[in-house]
Amino acid sequence: MTFTGDAGFWYHIAEIETAVRWKINAVTVVNNNGGGNQSKRGFDRVYGGTQTEQARELWTFNKVNFARIAEDMGALGIRVEHASGIEPALAQALAANRPVVIDVVTDIEALAPLAVS
């Protein structure tokens, strides 16, 4: 099982097609918040606390349904839009016996706590 953000998933999305072709039963969980928000704090600092909308274009993406893309590639795509759907999605994915992408929609403004300040 792989857990990745949507920014990282864009780099490797073609591997889903490879997994389908080679029948590799990989499960990929995508934190789909519409951007590489690990960059948000740095951009906020550079822009004096609040960045411009143009600056946000550097690290945000159009809304994408990765579950639909996975289905188009021949994998099982599962979209999770509420936290209560994560557990059943994982159970379904682990039982699927085929490549699966679980697309978990999250809030781009939710940031992990800082390890150091």
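Glu17 counts as partly exposed, at 32% relative accessibility; buried stands for under 20% relative accessible area, exposed for over 50%, and partly exposed for values in between, with a 1.4 Å probe and protein chains only. The model is predicted, so local features need pLDDT of at least 70 and side-chain atom pairs count only at pLDDT 80 or more, while totals for chains, interfaces and linings use all residues. Residues are numbered from 1 along each chain as its sequence is written, and side-chain values use heavy atoms, with hydrogens and water left out. Four strands form an open sheet with parallel pairing, and six salt bridges are counted in the model.

**Sheet layout**

- The strand order in the open sheet is β1-β2-β4-β3, and the pairing is parallel. Two strands pair if DSSP finds at least two bridges between them.
- β1 and β3 are the edge strands, each pairing on one side only.
- Neighbouring strands of the sheet are turned against each other by 20 degrees on average, direction ignored. Axes are lines fitted to C-alpha atoms, for helices over the stretch in contact, and angles run from 0 to 180 degrees between N-to-C directions.
- Strands of a sheet pair through backbone hydrogen bonds, in either the parallel or the antiparallel sense.

**Strand β2**

- Strand β2 covers residues 27–32; five of these six residues are buried, so the strand is largely enclosed by the rest of the structure.
- Four bridges link β2 to strand β1 (residues 2–5) in the parallel sense. Within this pairing, Gly5 has Asn31 of β2 as its bridge partner.
- With strand β4 (residues 100–105), β2 pairs in the parallel sense over six bridges. Asn32 stands opposite Val105 in β4.

- Five of the six residues of β4 are buried, and the strand is mostly covered.
- Asn31 has Val104 as its bridge partner in β4.
- Strand β3 (residues 76–80) runs parallel to β4, and five bridges join them. In this pairing, Val101 of β4 is the bridge partner of Gly77.
- From β3 the chain crosses through helix α6 (residues 86–95) to β4, giving a right-handed β-α-β crossover. Right-handed means that, with the strands pointing away from the viewer, the path from the first strand over the helix to the second runs clockwise.

**Helices on the sheet**

- Ile78 is bridged to Ile102 in β4.
- Helix α5 (residues 66–73) packs on the sheet and touches β2, β3 and β4, its direction making about 170 degrees with that of β3; contact means heavy atoms within 4.5 Å.
- Helix α6 lies across β2, β3 and β4 and runs at about 170 degrees to β3.

**Salt bridges within helices**

- A salt bridge is a side-chain nitrogen of Lys or Arg within 4 Å of a carboxyl oxygen of Asp or Glu. Side chains of opposite charge can pair when their charged atoms come close.
- Arg21 and Glu17 form a salt bridge in which the closest N and O atoms are 2.8 Å apart. The two residues lie four residues apart in helix α2 (residues 14–21), so about one helical turn separates them. Arg21 counts as partly exposed, at 48% relative accessibility.
- Asp44 and Lys40 meet through their side chains in a salt bridge of 2.7 Å, N to O. Because they are four residues apart in helix α3 (residues 40–46), Asp44 and Lys40 are separated by about one helical turn. Asp44 is buried at 14% relative accessibility, and Lys40 is buried at 12%.

- Arg79 forms a salt bridge with Glu81, with 3.2 Å between the closest N and O atoms. Arg79 is partly exposed at 32% relative accessibility, whereas Glu81 is exposed at 51%.
- In another part of the model, salt bridges that share partners join Lys40, Asp44, Arg56 and Glu109 into one network.
- Arg56 belongs to helix α4 (residues 53–56) and counts as buried, at 17% relative accessibility.
- Leaving aside residues up to four places away in sequence, Arg56 touches Lys40, Gln51, Ile108 and Glu109.
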